[in-house]
Amino acid sequence: MAVQIRKLDSTAPDFKQTLSALLAFEAETDDAIEGAVAKILADVKRRGDAAVLEYTNRFDRIPGGAASMAAFDLKQEELDEALAALPEAQRAALQTAAERIRVFHERQKQELNGFTYTEPDGTVLGQRVTPLDRVGIYVPGGKAAYPSSVLMNAIPAQVAGVKEIVMVVPTPDGVKNRMVLAAAAIAGVTRVITIGGAQAVGALAYGTETIPAVDKIVGPGNAYVAAAKRRVFGTVGIDMIAGPSEILVLCDGTTDPDWVAMDLFSQAEHDELAQAILLCPDADYIAKVEASIHKLLPAMPRSATIETSLSDRGALIKVRDMDEACAIANAIAAEHLEISAEHPQQWADKIRHAGAMFLGRFSSESLGDYCCGPNHVLPTSRTARFSSPLGVYDFQKRSSVINVSEAGAQVLGRVAAELAYGEGLQAHARSAELRLKPAS
Ligand SMILES: NC(=O)c1ccc[n+]([C@@H]2O[C@H](COP(=O)([O-])OP(=O)(O)OC[C@H]3O[C@@H](n4cnc5c(N)ncnc54)[C@H](O)[C@@H]3O)[C@@H](O)[C@H]2O)c1
Ligand SMILES: N[C@H](CO)Cc1c[nH]c[nH+]1
Ligand SMILES: [Zn+2]
């Protein structure tokens with residue numbers, strides 16, 4: 001079947017409704033998935049390792065069935081061996097990517113240090129930043145392996161100063177991905193456990209006999225993982241619920257149409273539910289991109305996934321001008337926004353909502369997925385309006401520091417007491433007043 005990508009025109013009377021229908025992706029709240037996840041989590045909480053073992057043997061089809069959780073706990077030597085056994089080109093690529101991701105996230109850390117300041121009466125106020133003690137990183141592995149996601153999740157945690165990074169990754173049919181293990185070795189993951197799905201999230205959240213409970217769980221995953229993260233939030237912190245991948249390309253019609261078609265494919269190939277949209281003011285150019293899509297798709301190994309994604313959730317949209325393209329891009333608030341234009345900065349200045357922006361025709365989104373440096377775990381489903389890429393800040397917390405001098409207590413004590421009496425809280429008021437010097 002030929003790909004049926006919709007072509008829309010922003011001047012059409014029903015454009016707004018069509019676009020909203022296209023964007024509407026309700027985070028998967030399938031009743032069957034919710035029910036299954038609730039049961040798995042309750043079971044893991046109650047039975048610990050025994051439940052995790054059973055679910056892992058079943059859902060990941062472990063050959064022969066593992067007899068104990070020890071089978072899933074990888075030794076450091078296994079990670080090191082995986083790294084040593086990689087072909088040189090792959091090892092070098094992982095190391096280059098890891099180094100660039102580290103450099104970018106080190107910058108974030110510099111900007112996120114705490115502060116103190118001293119008032120004239122000697123009172124010192126400040127904010128102390130501390131890393132989380134122990135985090136769990138979920139690396140997806142059901143349908144494909146993601147070594148890049150190991151780096152993107154673990155390196156910011158390490159840069160933040162997290163002492164213990166526990167990584168979980170499923171190994172369907174018991175097959176371990178060498179590059180994933182090698183990436184864990186490079187990123188300095190403390191412990192790798194080959195479990196996945198809701199049972200892995202439950203084990204990290206509640207702890208089991210062999211797996212310590214963590215403080216926060218980060219990382220993307222399928223609908224089971226997302227539902228489980230949503231449910232354990234509160235017991236542990238979570239980063240975000242990342243939905244299917246999205247790419248929005250704003251193009252002024254000056255980029256090779258094959259490049260734009262392939263950029264749309266690059267996110268569509270992740271998932272049938274992924275979204276790939278082009279906004280362009282030039283109808284002739286849109287026709288060229290459409291022709292490129294038809295020309296290039298048959299040769300893509302994941303053409304069926306791309307075709308479903310483009311047909312169900314893709315669009316080529318003719319806009320009045322690039323200003324209107326920017327306004328629509330702000331409404332879409334895409335996970336990835338490419339501004340493929342001659343003068344990208346002038347349009348970038350008008351963008352307020354996007355998980356990551358890729359400026360200029362050489363900044364393909366795929367470079368960002370692997371090795372530019374910024375994180376590839378990004379807000380999806382319009383949540384870029386209020387949330388940010390995964391970063392060092394996700395692995396830190398802040399404590400306020402208050403050191404009031406005797407002189408400061410004389411001033412602040414009167415203010416606090418006044419407010420406390422206003423709230424009817426006597427003990428608060430008296431606590432402040434006891435520190436006041438008697439009037440001489
Ligand atoms: N946003 C990002 O940065 C990013 C990066 C990489 C991958 N992803 C996304 O993550 C997702 C990965 O999904 P995946 O499935 O490949 O791997 P996954 O690791 O998220 O899920 C696999 C697990 O799902 C559980 N599961 C599967 N079927 C089940 C069932 N019937 N009942 C109970 N549990 C079941 C199993 O426990 C299995 O181990 C994809 O949507 C991919 O696009 C996102
Ligand atoms: N584009 C994905 C996030 O939406 C991340 C990824 C990993 N590997 C390739 N791509
Ligand atoms: Zn990708």
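Let me start with a sorting rule: Ala, Val, Leu, Ile, Met, Phe, Trp, Tyr, Cys and Pro count as nonpolar, Asp, Glu, Lys and Arg as charged, and the others, Gly among them, as polar. Also, a residue is near a molecule or strand if its C-beta atom, placed from the backbone, lies within 6 Å of it.

Hi everyone! What you see above is a predicted model, where local features need pLDDT of at least 70, side-chain atom pairs count only at pLDDT 80 or more, and totals for chains, interfaces and linings use all residues. Residues are numbered from 1 along each chain as its sequence is written, while chains are lettered from A and ligands numbered from 1 in the order in which they are written.

Let's begin with the overall layout. The protein chain has a domain 1 (6–25 + 243–372) and a domain 2 (31–238); these bounds come from an automatic or database domain assignment. Taken over C-alpha atoms, the centres of the two domains are 31 Å apart. Four residues from domain 1 and four residues from domain 2 make the contact, where two residues are in contact if their C-beta atoms, placed from the backbone, lie within 7 Å. On the domain 1 side, that is three nonpolar, no polar and one charged residues.

Now, the ligands. Which residues surround ligand 2? They are Tyr 146, Ser 148, Ser 149, Ser 245, Gln 267, Glu 335, Asp 369 and His 376. With our sorting rule, this shell has one nonpolar, five polar and two charged residues. Both domain 1 and domain 2 give residues to the shell, so ligand 2 lies between them.

Ligand 1 has 26 residues around it, and Gly 142, Pro 170, Gly 196, Gly 197 and Gly 221 come nearest. The elements giving two or more residues to this shell are α8 (197–206) and α9 (223–232). By class, the shell around ligand 1 holds 13 nonpolar, 10 polar and three charged residues. Here, too, domain 1 and domain 2 both contribute residues, so ligand 1 lies between them.

On to the helices. Helices (H or I, at least four residues) and strands (E, at least two) are DSSP runs, numbered from the N terminus. Axes are lines fitted to C-alpha atoms, for helices over the stretch in contact, and angles run from 0 to 180 degrees between N-to-C directions. Angles under 35 degrees count as roughly parallel, over 145 as roughly antiparallel, 65 to 115 as roughly perpendicular and the rest as oblique.

How do α4 and α7 pack? The axes of helix α4 (residues 76–85) and α7 are 7 Å apart, at an angle of about 110°, which makes α4 roughly perpendicular to α7. Their contact includes Leu 79 and Leu 83 of α4 and Leu 181 and Ile 186 of α7. In total it has nine nonpolar, no polar and three charged residues.

Helix α7 (residues 178–187) also comes within 10 Å of helix α5 (residues 88–111), axis to axis, crossing at roughly 45°. Therefore, α5 and α7 are oblique to each other. Among the residues that meet are Leu 94 and Ala 98 in α5, and Met 179 and Ala 183 in α7. That contact has seven nonpolar, two polar and one charged residues.

One last pair: helix α10 (residues 257–268) and helix α12 (residues 303–313) pack at about 100°, with axes 9 Å apart, so α10 is roughly perpendicular to α12. Leu 264, Phe 265 and Ala 268 in α10 meet Ile 306, Ser 309 and Leu 310 in α12. By class, that gives five nonpolar, one polar and no charged residues.
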